[in-house]
Amino acid sequence: SRKQSRETPKWLTEMLSVKKEVKKVHTDAKDGPGLTKVVMEAIKTKGGVEEAVKYLTNMSSSEIKSKLDKVNQEIAEKRASKKAARKAAQ
């Protein structure tokens, strides 16, 4: 049988550490799929954890809020279209 790795994946650890820093600075930012997506995007585009933390913590609260609102809206639209597609298939 294949041996499974018990350690947490690196990307997950990085993402959680960035999220923690962002929530510390922007206390009104709600955790959830939207914040995860914003954080992962920042890590990819900025090229690392430290850069992503600097980028997101230096943003104003209103910038973070508008980004989260936009991403949450996209997620809600995708969910709605999937639900509609499932209903149409039945």
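A crossing counts as left-handed if the near helix is turned anticlockwise from the far one by less than a right angle, and as right-handed if it is turned clockwise. Keep that in mind while we look at how the helices here meet. Helices are DSSP runs of H or I with at least four residues, numbered from the N terminus.

First, some ground rules. This is a predicted model, where local features need pLDDT of at least 70, side-chain atom pairs count only at pLDDT 80 or more, and totals for chains, interfaces and linings use all residues. Residues are numbered from 1 along each chain as its sequence is written, and side-chain values use heavy atoms, with hydrogens and water left out.

Two packed helices are described by the angle between their axes and the distance between the axes. Axes are lines fitted to C-alpha atoms, for helices over the stretch in contact, and angles run from 0 to 180 degrees between N-to-C directions. Here are the pairs:

| Helices | Axes come within | Crossing angle |
|---|---|---|
| α1 (residues 10-25) and α3 (residues 49-57) | 10 Å | roughly 25° |
| α2 (residues 33-46) and α3 | 8 Å | roughly 120° |
| α2 and α4 (residues 61-89) | 9 Å | roughly 115° |

Let's start with α2 and α4, whose crossing is right-handed. Their contact (heavy atoms within 4.5 Å) involves P33, G34, L35, K37 and V38 on the α2 side, and K67, L68, V71, N72, E74, I75, K78 and R79 on the α4 side. Sorted by class, that's six nonpolar, two polar and five charged residues. (Nonpolar means Ala, Val, Leu, Ile, Met, Phe, Trp, Tyr, Cys and Pro; charged means Asp, Glu, Lys and Arg; the others, Gly among them, are polar.)

α2 also crosses α3 in a right-handed way. V38, V39, A42, I43 and K46 of α2 meet E51, A52, Y55 and L56 of α3, which gives seven nonpolar, no polar and two charged residues. K46 also lies over the face of Y55, 4.2 Å from the ring centre.

Finally, α1 passes α3 in a right-handed crossing. E14, S17, V18, E21, V22 and V25 of α1 touch V49, A52, V53, L56 and T57 of α3. This contact has seven nonpolar, two polar and two charged residues.

Conventions
Helix = DSSP H or I, 4+ residues; strand = E, 2+ residues; numbered from the N terminus. Lys NZ or Arg CZ within 6 Å of the ring centre and 35° of its normal.
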